[in-house]
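I opened the structure and kept notes as I went. The entries below follow the order in which I looked things up.

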Amino acid sequence: MDSDLSPSMVNHLEHTSMVTDLSLSPKNEDKKEKKKKKKKQKKEEKEKSQELSVQATVEMVKEQTDKLAPLVGYFPSGFDPNKDPSSTITRVFRNKDKPKRLELVVTPNATSKVDFVGTNYSGEAAAGQHCSYALGVLDKETQTLKIVPIASNKIFRLEPKIRGLVGQKSEQTEPSKLKSEQMEELTNHYGTIRSRREAEKLRVLHKEHDPSSQRDLLGTINQIAVKKEDIGSSEVHGSRNTPPYNSAAATPQEAYPLEKIIFEGEWDFLLEDIYDLLQTETEVTWDAYPTFVANRIHKLHEIKDEEEKKRLSCVFSYITHLVKFKDKHSMDHFSSAKKHRLPRIILQKFSSMFEDPDSHKLSPDKHSLLISYVLVLTLHADGFRANLTDIAKDLKLDTGTLREHYEHLGCKLVRDKKTLVATLPTPLKFPSMRQKRRQ
């Protein structure tokens, strides 16, 4: 039977069948299923969020003296105690003499030789703290949130320590030391000239508190103690009350030997003063030093021989220490030497040489002896042609009195361009000792 449909109608039916087949393709079905899944996930998330939101009452729990508060710590090494919680051993130790000091020790297992130790008084716990810590415990059944303070308000940093190893140190830097280093770095980069100068002085003066410097100091003291001839040479010669001298010397340098005044072990400590300051790139002012020293610093810049520069710098430092030691024992000039710090080895030497053992004051004879030491060093510093003007200001003496002290050492006073200069002719000739006539 022949079909009654025209060719155009047949084409139209074929086209519509193709459209219906595309709408029911697998790709479109997958997209619809994905949309349905996303809607379900959103609904589930909303339901979960509604379940998690709890309107709880907050309860603050105060710390009780008879009960230990919770301890909170962390492991910077990456150790996880939750991997095997049944074998992990946790212990807390309290200092008997200082009950506030706690120590938390965590051991991974009974056979482990490594303990994770943290304290609330050293290391990171000793750093400055500007907040408070607390532990929150949420009870869903009772809908209450309890906030409990933690022990000592500190977070314990649990560092690994090998059991039985004595003297081991933590890798972390002490906060106070770290802070001082940071302040020093900031001062060097952004500080004023005055602040940099003061920081440099503090660094030099604080070297004596360093443990390594203390060991060097002990070695130096032992070295000096062995050399009995040096100690004997430091004693006052006869009744003249002068530094060690050689009356038969052919040259001024041999008349008052420098090595008999400044011992071998003292030079290293003297180098840490003026000589070290000369090595710094920052500008240094010398207002805190005696006038005699400050007016001769230019000589050090002119010296090309490094050994000679070290020698003269140490002489200037020794003069400074002697003058400041004298001022510290003076009621009128104590303030000028209040901030001056003498190396411990030199302070002990000055105290034994010049101080009275009972009163710790300078007697008239010891005061005169100290001035003699200063004047002998000024002769060495000025090439044995010492100008009296500057050192007279530092010692607070008039020219007449200072002239008598120089003559007592065997010096001869001459005029050089309207200024009075002390020279040292050799061999030494001392003035006759005058005795007071009894009434």
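Where is Asn153 found? I placed Asn153 in the loop between strand 7 (144-149) and strand 8 (155-157). I note that the model is a predicted one.

**Entry: backbone**

I looked up Asn153 for its backbone angle. Its phi is positive, about 55°, although Asn153 is not a glycine. I checked its accessibility as well: the relative accessible area of Asn153 is 22%, so I wrote it down as partly exposed.

I then turned to Lys418. Lys418 is a residue other than glycine and has a positive phi, near 65°. I found Lys418 in the loop between strand 11 (412-416) and strand 12. Its relative accessible area is 81%, and since exposed means over 50%, Lys418 goes down as exposed.

I also checked for a cis peptide bond. The bond from Thr426 to Pro427 is cis, with omega near -5°. Pro427 sits in the segment after strand 12 (419-423).

**Entry: aromatic rings**

How many aromatic pairs does a search of the whole structure find? I noted 11 aromatic pairs. I followed one of them, Phe325 with Phe354: the ring centres are 6.3 Å apart and the planes stand at 50°, so I recorded the pair as tilted. Phe325 belongs to helix 12 (residues 306-328) and Phe354 to helix 13 (residues 344-354), so this pair ties together parts that are 29 residues apart in sequence. I marked both Phe325 and Phe354 as buried.

Phe354 turned up again in a pair with Tyr373. Here the centres of the Phe354 and Tyr373 rings are 5.8 Å apart and the planes are at 80°, so the pair is edge-to-face. This pair also links distant parts of the chain, as Phe354 is in helix 13 and Tyr373 in helix 14 (residues 364-381), 19 residues apart. Both Phe354 and Tyr373 are buried.

**Entry: salt bridges**

I counted salt bridges next and wrote down 10 for the structure. One of them joins the side chains of Glu266 and Lys349, at 3.3 Å from N to O. Glu266 lies in the loop between helix 7 (252-255) and helix 8 (267-270), while Lys349 lies in helix 13; the two are 83 residues apart, and the pair links distant parts of the chain. Are Glu266 and Lys349 buried or exposed? I found both Glu266 and Lys349 buried.

Which residue forms a salt bridge with Asp327? I found Lys396, with the closest N and O atoms 3.7 Å apart. Asp327 is in helix 12 and Lys396 in the loop between helix 15 (388-395) and helix 16 (399-408), so I noted a link between distant parts of the chain, 69 residues apart. Asp327 counts as buried at 2% relative accessibility, whereas Lys396 counts as partly exposed at 40%.

I also noted a network: salt bridges that share partners join Arg296, Lys299, Asp382 and Asp390.

**Entry: surface patches**

I ended on the surface. A patch of positive charge gathers there, with Lys31, Lys32, Lys34 and Lys42 among its members. I looked up Lys42 in particular and placed it in helix 2 (residues 26-52). Lys42 counts as exposed, at 56% relative accessibility.

Which residues form a nonpolar patch on the surface? I listed Met183, Leu186 and Tyr190, which together have about 380 Å² of accessible area. Leu186 is part of helix 3 (residues 175-190). With a relative accessible area of 47%, Leu186 is partly exposed.

How values were computed:
Residues numbered from 1 in each chain as written. Predicted model: local features only at pLDDT ≥ 70, side-chain atom pairs only at ≥ 80, totals over all residues. Heavy atoms only, no water. Patch = residues over 30% accessible without salt bridge, like charges linked within 9 Å, V, L, I, M, F, W, Y side chains within 5 Å. Areas by Shrake-Rupley, 256 points an atom, 1.4 Å probe, with all protein chains shown as cover. Salt bridge = Lys/Arg side-chain N within 4 Å of Asp/Glu carboxyl O. Lys, Arg positive; Asp, Glu negative; His and termini not counted. Charge placed at Lys NZ, Arg CZ, Asp CG, Glu CD. Helix = DSSP H or I, 4+ residues; strand = E, 2+ residues; numbered from the N terminus. Buried < 20%, exposed > 50% of the residue type's maximum accessible area, 1.4 Å probe, protein only. Phe/Tyr/Trp six-rings, centres within 6.5 Å; stacked < 30°, edge-to-face > 60°.
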